Amino acid sequence: MSVDIRQGADGSLEAVGASTTSTVSGTGFIPVVLPYTANIVDCTMFTADRPVVVKGIRGRVDVAGTGGACTAVIRKVPSGTALASGTALHTGSFNLVGTAAAQQALTLSTTASDLLLAVGDSICFDLTGTATSAIGAVTVHLAPA
């Protein structure tokens with residue numbers, strides 16, 4: 001992956017992302033990681049302090065939940081919006097009772113605007129079900145927009 005460096009308005013240098021467009025999941029260089037345990041509830045993972053774009057979402061189940069169906073949707077949620085009313089960043093859902101020691105790569109939304117976060121937008125973890133005994137982590141890969 002190549003990274004472009006540019007001079008910011010204040011004279012500082014900043015990394016601004018890959019110089020070519022990539023649709024490969026996980027190419028962002030700003031990782032947002034949410035480790036979870038059976039106590040997990042709906043929560044905010046990240047709030048943008050600059051425009052960013054979601055480049056990939058991956059998760060790993062370390063211990064599969066045993067209390068029945070339990071899934072999560074990773075959402076973009078603007079300030080002032082309820083977490084569950086945000087926009088899904090992907091199709092399908094992350095399965096917290098999936099195969100232990102297995103990775104899940106979520107398919108990103110094909111609507112480009114869904115993947116762009118403005119300053120103040122948050123990335124949230126929206127849980128359905130109960131994560132009984134579930135342990136793992138979800139990572140959202142971002143790049144400056």
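Helices (H or I, at least four residues) and strands (E, at least two) are DSSP runs, numbered from the N terminus. The structure shown is a predicted model, in which local features need pLDDT of at least 70 and side-chain atom pairs count only at pLDDT 80 or more, while totals for chains, interfaces and linings use all residues. Residues are numbered from 1 along each chain as its sequence is written, and side-chain values use heavy atoms, with hydrogens and water left out.

**Figure 1. The loop that carries His90.**
His90 is found in the loop between strand S7 (87–88) and S8. With a relative accessibility of 5%, His90 counts as buried; buried means under 20% relative accessible area, exposed over 50%, and partly exposed in between (1.4 Å probe, protein chains only). The side chain of His90 reaches two backbone atoms: the nitrogen of Ile74 at 2.9 Å and the oxygen of Gly92 at 3.4 Å. Contact means heavy atoms within 4.5 Å. When neighbours within four places in sequence are left aside, the residues in contact with His90 include Ile57, Ala72, Val73 and Ile74, as well as Leu106, Thr107, Leu108 and Ser109.

**Figure 2. The secondary structure of the whole chain.**
The chain comes to 0 helices and 12 strands. Its pattern along the sequence reads β-β-β-β-β-β-β-β-β-β-β-β. Of its 145 residues, 41% count as buried. Among contacts between residues at least 6 apart in sequence, 77% join residues at least 24 apart.

Side chains of opposite charge can pair when their charged atoms come close. A salt bridge is defined here as a side-chain nitrogen of Lys or Arg within 4 Å of a carboxyl oxygen of Asp or Glu. A search of the whole structure finds 2 salt bridges. In one of them, the side chains of Asp126 and Arg75 meet with an N to O distance of 2.7 Å. Asp126 lies in strand S11 (residues 122–129) and Arg75 in strand S6 (residues 70–77), so this pair ties together parts that are 51 residues apart in sequence. Asp126 is buried, its relative accessible area being 10%, and Arg75 also counts as buried, at 16% relative accessibility.

**Figure 3. The salt bridge between Asp62 and Arg60.**
Asp62 forms a salt bridge with Arg60, and their closest N and O atoms are 3.0 Å apart. Asp62 is partly exposed, with a relative accessible area of 39%. Arg60 is likewise partly exposed, with a value of 42%.

**Figure 4. The aromatic pair of Tyr36 and Phe94.**
Rings of Phe, Tyr and Trp (its six-membered ring) pair if their centres lie within 6.5 Å; planes under 30 degrees apart count as stacked, over 60 as edge-to-face and the rest as tilted. By this rule the count comes to 1 aromatic pair. The ring centres of Tyr36 and Phe94 are 6.0 Å apart and the ring planes stand at 75°, so the pair is edge-to-face. Distant parts of the chain are linked by this pair, with Tyr36 in strand S3 (residues 30–36) and Phe94 in strand S8 (residues 94–95), 58 residues apart. Tyr36 is buried at 2% relative accessibility, and Phe94 is buried at 0%.

**Figure 5. The largest nonpolar core.**
In soluble globular proteins, nonpolar side chains tend to be buried together. A nonpolar core is a set of buried Ala, Val, Leu, Ile, Met, Phe, Trp, Tyr and Cys residues joined through side-chain atoms within 4.5 Å. The largest such core has 33 residues, and Leu96 and Phe125 are those with the most contacts inside it. At least two residues of this core are supplied by each of S3, strand S4 (43–47), strand S5 (52–63), S6, S11 and strand S12 (135–144). The largest share, 5 residues, comes from S5.

A disulfide is a covalent bond between the sulfur atoms of two cysteines, identified here as a pair of cysteine sulfur atoms within 2.5 Å. The structure holds 0 disulfides. For Cys124, the nearest cysteine sulfur is that of Cys43, 7.7 Å away. Cys124 is buried, with a relative accessible area of 2%.

**Figure 6. Two loop residues with positive phi.**
Ala101 has a phi near 65°, a positive value in a residue other than glycine. Ala101 is found in the loop between S8 and strand S9 (102–106) and is partly exposed, at 49% relative accessible area. Phi of Ser133 is near 65°, a positive value in a residue other than glycine. Ser133 lies in the loop between S11 and S12 and counts as partly exposed at 29% relative accessibility.

Terms used. A polar contact is a pair of N or O atoms within 3.5 Å; within protein, one must be able to donate a hydrogen and the other to accept it, and residues adjacent in sequence count only if both atoms are side-chain atoms.
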